[in-house]
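Please read it alongside the sequence and the coordinates.

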Amino acid sequence: MVVMVAVYGSVRLVDGGSRCAGRVEVLHRGQWGTVCGDDWDMSDAAVVCRELGCGEAVNALGKSHFGSGSGPIWMDDVDCSGSESRLKNCRSPVWGKHDCNETHNSGVICSGARLVLGSRCSGRVEVLHGESWATVCDADFNQQDAEVVCRELGCGSPVEILGAAAFGRGEGLVWSEELQCRGNESQIHFCPKSSSLKHNCSHDNDVGLVCSGSVRLVDGDSRCAGRVEVLYRGQWGSVCGNNWDMRDAAVVCRELGCGEAVDTYHESYFGSGSGPIWMDNVHCSGSESTLRNCESAGWGKHNCDHSKDAGVICSGVRVVGGSHCSGRVEVLHGESWVTVCDADFNQQDAEVVCRELGCGSLVEVLGAAAFGRGEGQVWSEKLQCRGTESQIHFCPKSSSLKHNCSHDNDVGLVCADSVRLVDGGSRCAGRVEVLHRGQWGTVCDDYWDMRDAAVVCRELGCGEAIDAPRRARFGSGSGPIWVEYANCAGSESSLKNCRSYDWGRQRCNHDEDAGAVCAEVRLVGRSHCSGRVEVLHGESWVTVCDADFNQQDAEVVCRELGCGSPVEVLGAAAFGRGKGQVWPEELQCRGNESQIHFCPKSSSLKHNCSHDNYVGLVCADSVRLVDGGHRCAGRVEVFYNRTWRSVCGKNWDIRDAAVVCRELGCGEAVFKNVQFGPRSAWMDDVNCSGSESSVKHCRSAGWVEQICNRLAGVICSGVRLVGRSRCSGRVEVLHGESWVTVCDADFDQQGAEVVCRELGCGSPVEVLGAAAFGRGEGQVWSEELQCRGTESQIHFCPKSSSLKHNCSHDNDVGLVCSESVRLVDGGSRCAGRVEVLHKGQWGTVCDDNWDMMDDAVVCRELGCGEAVDALSGAYFGSGSGPIWMDNVECRESESILKNCKSAGWGKHNCNHPKDAGVICSRVRLVGGSHCSGRVEVLHGESWVTVCDSDFDQQDAEVVCRELGCGSPVEVLGAAAFGRGEGPVWSEELQCRGNESQIHFCPKSSSLKHNCSHDNDVGLACSGHTQARLMNGSDSCSGRVELQYLSEWGTVCDVSWDMRAASVLCAQLKCGSSVAVLGSDWFGEGSGRIWADVFDCQGNETHLLKCPISSWSRTACSHKQDAGVICSGSSLASHEGGVRLSGGM
């Protein structure tokens, strides 16, 4: 059997007929293994295709579609988000742990063609040629070729072939071959090709293609509305409406190139389909490029019938340049968006546009490109809407011959929003109501919180959310209750885009109507509670004159923002000069109003104000730390309903603490603790993602006064290190509200001890003067630290005025501390057992759920290269002392391991034989892909390039091995991957080629060459050695053939010995080697001959682990093809003469 393999770094596709299709296999600890198909879906497949440099994922297959693999099953229950760069970075249980067998292997089909600059199913045709994408000449592409491309992409049938670079001129190569597809192939890879000598083609001849798409909307009177149907395995089928929502609809609309999703339907609103029901329980995040990539129950798996077919209405019109409901009008004309002439657009047309977009009634029609000049075509038709149509598609049109229109005449439109706040006294406060199907209705307060309110405030163009009231605080509404559970993430642009199910299916009453209070004032320039004062005036934010703003006004602003009392009113643009208008009114607040909106105002005629007179304000924060000795440490208290109360400590963790520290403008969270009450509290069960601007915006059990025995506390650092890593950089100290640098003459070893301790960074390594980490900005600190070295924080050190030195930023002091995480007993600082520093003591991390995401955070924190392996079972030996962390769960966003979720410091059900380990690379390839690029080596704390004269084949072998990228393909000099930055390495590598990491290679000073970045060496790695035995009596005997990249070749018998044969037999699970034979036993091969000398010891488990010379052509002929008989072959038991060579 001929085995087809695609290899790229640490993942490959096997037995699929091309390098972009097949069974998924991953390389781990030098051995290839399979991936279990449990929960395998399109998000997982998308990561594999991206890692392989193939096109997009076309299919994700289970149940060993491409045959059963052999060897270990490395991964199970893989859970990729779809954005990872490598499959190894996706969440899965510990490597090798599974409840699977070889009949459930996962597979992937990636496309070898793509369409660019149109949509997923239309655009310029590009074909994967080797590692690069090449365009195709229009003269070399016909209807049969188009059939195959559309089929491969899952995009239905060809609609139109377009020549002359209709989708723009490509870059790079024009393909040198002519496709000769018959039209029935499943992929372009299988089409015959011939050299294209007929045409002198350039990118002006790039061919484009429009396919009919893999999703369609049926029976809705336009291509942008109807029942959802998807194309799978050549057959159209419907989608079940279970849990179908606006995020799912948004993906369909985007895939079709329509406008945004206007409405969703669940129960065959557009009639019942026929044929298969392909998808059920669809769960899109909203960012997918195609519906096929969304999570679902699996193709054809459902508990549905056609009475529940899902439907979608997308808009055929959009407004651009303003908001969801205001902007330049653009209409979908065929496949393109075109602008509309202001002379061809009237009140009736505007009514229809507002209705179609799900916005409120018309506010204003604006001509003369009020929202900016569009691009592309101006529409050649005139709308003649009556004003009652549901969509612009249904309006009569006529040719527009009256006007010579350009983009200077693009029409704009302002509609009322599709959400409003009612009975709150201003447009930015009140009961939440949404417009749906032409009728206003309320929102139920089930789980309603600050994230939901934040989306409403953003959609309305108000300030930030300051309250999310429940229980009909603004009175009970009437009419339908449209939304029961909004379930917003907080980042959505519209409430309709939140994950809410079953609009109108209410299990709620109007006593539970949700409300929102948004600020109509904001502070810009520093933090949530300090900055330049800006007031919402109509639809715009305007600044306020310092002469028109007093203490009473300040009281109201601070109160409205949920901050504490005013600390200071600052004039003369203390927080910078703003833009736009200065407010033409003077506030005359009494000081007791709840919002600036309720303050009396009068025209401001007294002052001739400019941007130099903007007023600024510092309010006390809406969160504070109490009883900790300074403002950046203590028990957490929040200000709500004009009262300070504590926060309950249930589930309080370092992510929650990080939000508090950021909100206070302190340094990073260095400790989260739980203090004991009882005390009155506002918040309980706080659950921050870590990215919120205020702890008030985190999810919690709700704002209710309660008594708690366990209270949240935080210690934030009052010092930071800037310029390299968390534990090394320029020293900056928090002085009042500002960060200031420290003079090198005022900083000593005792000061360094305290800074490193405060940051949880171990001990000082080096104090560096003369702005070693760059010159800071702002002030240089005017005090001298006089630390004793035993203080827990810099705040507690005595200080004195520094009069001795005339310091500038040229004297900014820097510091290198020893990090708060380390890798031990691995032979280098970038490999070993993971240990973390907590409360001054190093301890280990338990390997429960330890995976590559956790690994990646450690490597990033240490400034090493990327994660190569995540190891369990005390691979680097058992540690001693405490086990500090267990059940670690990092995401890709954490900067340090301490910020990852875990069971809590010191909480574990583990012992030291389960200590976690990490291997990070100390080399990286930059400017290409994970496995190709400019070589950079970690030298001390910095990445340096390598001179091409100091880098040879043996060095390349080690680099490729360390990165898990197989063998070298090519060493490239003369900055082939671009010129690097910083130093060129001053040493020459002298690797033997068998080292596991570059760290273990001998080095010598490089004095031979005067190297610059013009000589930066580059490297391409790929293709791990795969082997087979051909033409024998069974799979354990035959002619030796090895695969390099996608090419198989034989091995010359002069390069092959008994030890190499033993390794090959073990690799093939065929026992040990019995004999090495010549070509007279198994016949002559054909094609390439590999001249590699495998310097094996004989005890390796894989040829990959044997040092080898480079792959190359050889003077050998096929008469010298090597053969092998392994002990697992039936030939091994036969008696007779056997010619042996190369004995042990």
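A disulfide is taken here as a pair of cysteine sulfur atoms within 2.5 Å. The model is a predicted one, in which local features need pLDDT of at least 70 and side-chain atom pairs count only at pLDDT 80 or more, while totals for chains, interfaces and linings use all residues. Residues are numbered from 1 along each chain as its sequence is written, and side-chain values use heavy atoms, with hydrogens and water left out.

By the disulfide rule, the count comes to 38. Three of these pairs are set out below.

| Disulfide | S to S distance |
|---|---|
| Cysteine 137 and cysteine 201 | 1.6 Å |
| Cysteine 444 and cysteine 508 | 1.7 Å |
| Cysteine 558 and cysteine 619 | 2.0 Å |

Secondary structure elements are DSSP runs numbered from the N terminus, helices (H or I) having at least four residues and strands (E) at least two. With buried meaning under 20% relative accessible area, exposed over 50% and partly exposed in between (1.4 Å probe, protein chains only), cysteine 137 is buried at 2%, whereas cysteine 201 is partly exposed at 23%.

Cysteine 444 and cysteine 508 form a right-handed link, with 45 degrees about the S-S bond. Cysteine 444 is in the loop between strand E30 (439–443) and helix H5 (450–460), and cysteine 508 is in the loop between strand E32 (481–483) and strand E33 (515–518); both cysteines are buried.

For cysteine 558 and cysteine 619, the torsion about the S-S bond is about -85 degrees, so this disulfide is left-handed. The pair joins helix H6 (residues 551–560) to strand E40 (residues 616–619), across 61 residues, and both cysteine 558 and cysteine 619 are buried.

A nonpolar core is a set of buried Ala, Val, Leu, Ile, Met, Phe, Trp, Tyr and Cys residues joined through side-chain atoms within 4.5 Å. The largest such core has 54 residues, of which Leu87, Trp850 and Leu897 touch the most other members. Helix H1 (residues 42–52) supplies the largest share of this core, seven residues. Apart from it lies another core, of 29 residues, including Val419, Leu421, Val456 and Ala468.

Counting contacts as heavy atoms within 4.5 Å, and leaving out residues up to four places away in sequence, leucine 87 touches, among others, Val11, Trp40, Asp44, Glu51, Met75 and Cys80.
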